[in-house]
Amino acid sequence: MNLAAYIARRLLLMVGVLFGVLIITFVVSHVIPADPVGAILGGNAPAERVDALRHQLGLDQPLHVQFITYLGAAVRGDLGRSLRTGRPVSRDIGQFFPATLELTLTAIGLAIILGVPLGVISAVTRNRPPDHGARIFSIVGVSMPVFWTGLVFLLLFYYRLGWLPGPGRLDLTLIPPPSRTGFLLFDSLLGCNWEAFRNALAHLVMPAFVLGYLATATIARICRSSMLDVLHQEYIRTAQAKGLRPRVVILRHALRNALIPTVTVVGLVFGGLLEGSVLTETIFAWPGLGRYITTGFLALDYPAVMGGTLYIAVVFSVANLIVDIAYAFLDPKIRF
Amino acid sequence: MSGIPGRVVAVGIVMSLLGVSAPPTLGARVDVNTLIVGMNTSILITLDPGVVYEVEGAVIVDQLYDKLVDMEMVKGTIQIVPKVAQTWAASADGKTWTFTIRQGMRFPSGRAVNAAAVVYSLRRAVRLAKTPAWLLEQLGFTKDNADQTIRALDDYTVQLVLADAFAPNLVLSVLAFPITGVVDPDLVQQHITEGDLGSDWLKDHSAGSGPYTLIRWERNEVVDLVANPTYWRGIPPVKRIMVRDIPESTAQRLAVEKGDIDVAWNMSPQMREEIRKQKTPGVDIVQIPAHGIAYVGMNVKYEPLSKDKVREAIRWAIDYEAILRDVLRGEAIPLQTFIPTGYLGYNPSRPFTQDLTKAKQLLAEAGYPNGFEVELTTSSPHPTRPDIAQLIQSNLAKVGIKVKIVLMASGVMYQKFREQGLQMILASWGVDYPDPDALAKPFADGTVKQLAWRNAWMDKDATELTKRAMLERDADKRVALYRQLTDLVLHKGAFAIIYQPTDTWVVRTWVKGYADAAALGTMHFDFTKVSKVRE
């Protein structure tokens, strides 16, 4: 099977996965013994008004009818209207998703840039001070909740030291660049608005680092252990016996093989970051999809929750497809 | 209930770090023309006056539109005052009301705010039939009769025909709700799509004559208002209001202490207490009675609670002072009747203090000398309710009542409550319009299917008194009726009223006039009274 056929097959499988995600999300959100209409109207609303709105929104229909209606519309790209805001869900997602993706991609980028070298250094200096330092950094990273890290960072770098701006995506005094992609950094660059670019970048540093710290720690740990495995392989000993410089042995021969499990973890961690961005978004007032879905959950806004979850599932599936394709480039033995 | 959540511990540690040194002062860079409010804006749904019902949304809409009438706090009592309507009069039968519209008011477009605009706005709100429409429907306005009941008699006279001769304060209180905000009809007409009466466009645009106009609402980011240059009372001292989305309480605290925001709108009570204790320089705490009541509802379908003496015993067993002191940290007003302070008919009676002997005696007389088991449901997450429930649990345990606390998401809880499916509930009621009728119907009249009905409580006398008071046009007689009604519900009703909450804000000291602006709490917030100075 060539790469194109493999990608086509995976895309087909992805349709099945997304269908499964839809069914599970639909069932889970509808079996909760709660009434979204009551949640929308609040505790004061009389029962008659609750019933009238339930009928108006079609929530008094049998579950399978509601699901078929939803699915039919979703196939046509219509994710329905948010029960809470009355706006099309796709419009809401289009507004909030770029902010989440910008944050998550920056976080995973930082995690790779920091995590892989940290793992390599840790492995080649096993049981020596740099290894201990890196392992402490990793253990702290995987142990500290994002909520805590976020607050400490805000306290230190925004409140006490004043090095970085506070919550939000851009200073209020700045006029945001016209939205073309929804990615503030790109939009600022496209509009040659350097001030907005610098400001947006400064706002991005803290939440991206906080979100990426956990991923950095995970990647560093996996990279370290796979590097240790590889460094004990005979071909590494052969390379060393041939007199190759240690740098060449580590970077060209060991790291490339050690990267395969690391790349797998990067794919999984990326999904975790997408899901876990909600706390970071809340602490740093980041107008992303995580908060949109959480608000939807609390308001029992099914269409918002299902639409948002579907989007995250699509991105997660695509990320894992990219990871699988990356294997072929890392290991020539792998054929699709 | 489980122990203290890790998140609370984390906040506590951060706060203790915070207290290590004084926050930086940034008075030099204060922009006196711009007020920045930090708020959790995820609650905002729409800024259309015909649709808005959320508290924070109504506060913003209040700045964008002039309502038919308005309210003011005069010597601690809410009074209805002129706004778009300069004067008004009711016919002899009390059903037909004539409003004279103030001349000289203009929309930013230059068009006049006149009777046609008022009629268009009111009919539009009735026809939209969105969440707050019931306020107008209860006066008798419907989609079908709006053309006949809401009319312009001339350019500056509006006539409203009501279904009944309601008490004047009731009618005017309803007309002081944001739903009567006057929209610019020509502007709205330009933005109607698929017969939505412009509601999609008005979600994030403004078409009013209020002191501010909306220039942008970036959802979950910022709501940006600028002063309306054509405002009939002149341009307000603060020329721009930016409501910045900061959902997290700690982040709000850091931002207000650093001076990056002027007002922290919804900081947690625990953090406000820290600020009070530490006497944090540069910030004040503004506390105003809120338009609400916290109560314990007792479902009389549950056999033990069906007995008047058992409900009375529970009222005597609760330690109200401890709730106010230890959980609410003083951010509440003692209240035991269902009409809160500031309202017509406010009944200050507070007969209940914790008296376990009396409670035990009443239980014994009711046939429960050894108490009974009962479930107390409350909503979670909530900053105070789970703790209050725990306190009540320990109070009632002392008289032998074994309380099992059930925590639910509010959506789940209210669904069960609407079906009369809870034994006891700890919740609160937000008042919709500042008239005692807005409280008597839910708390006393079992026929309106509100709180009394949800607790399966029906009392013919209470229902009759509620209806009589609703139609009583003499204010003094009406007050007497509410006195009778509140006393009846106090001892026989299905509730133990726990307290009246407060609205509390943390405000920079360079902000002046905030307490005046917030005198009516979130029911009517007047940002034109706010100014900023350089310290």
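1. Helix 10 of chain A (residues 234-241) lies largely in the open, because zero of its eight residues are buried. Buried means that 20 or more other C-beta atoms, placed from the backbone, lie within 10 Å of the residue's own; 12 or fewer counts as exposed, and in between as partly exposed. Gly243(A) follows helix 10 of chain A and has a positive phi, near 90°. Helices here are DSSP runs (H or I, at least four residues), numbered from the N terminus.

2. This is a predicted model: local features need pLDDT of at least 70, side-chain atom pairs count only at pLDDT 80 or more, and totals for chains, interfaces and linings use all residues. Residues are numbered from 1 along each chain as its sequence is written, with chains lettered from A and ligands numbered from 1 in the order in which they are written.

3. The predictor gives the complex an ipTM of 0.84 and a pTM of 0.88. Chain B has a mean pLDDT (the predictor's confidence in each residue, from 0 to 100) of 93, and 95% of its residues reach 70 or more. Two stretches of chain B need care. Residues 1-5 of chain B stay under 50, with four contacts beyond four places in sequence. Residues 17-28 of chain B also stay under 50, with 16 such contacts. Where pLDDT is low, the predicted coordinates should not be read in detail.

4. Now the interface. 37 residues of chain A are in contact with 40 residues of chain B; contact means C-beta atoms, placed from the backbone, within 7 Å. Helix 7 of chain A supplies the largest share of the chain A side, eight residues. By class, that side has 23 nonpolar, nine polar and five charged residues. Nonpolar covers Ala, Val, Leu, Ile, Met, Phe, Trp, Tyr, Cys and Pro; charged covers Asp, Glu, Lys and Arg; the others, Gly among them, are polar.

5. Helix 5 (residues 89-124) and helix 12 (residues 289-298) of chain A pack at about 130°, with axes 7 Å apart. Axes are lines fitted to C-alpha atoms over the stretch in contact, and angles run from 0 to 180 degrees between N-to-C directions. Asp92(A), Ile93(A), Phe96(A), Phe97(A) and Thr100(A) of helix 5 meet Leu289(A), Gly290(A) and Tyr292(A) of helix 12. This contact has five nonpolar, two polar and one charged residues.

6. Check Val118(B). Not counting residues up to four places away in sequence, Val118(B) touches Leu68(B), Val84(B), Ile101(B), Val158(B) and Val182(B).

How values were computed: Helices (H or I, at least four residues) and strands (E, at least two) are DSSP runs, numbered from the N terminus.
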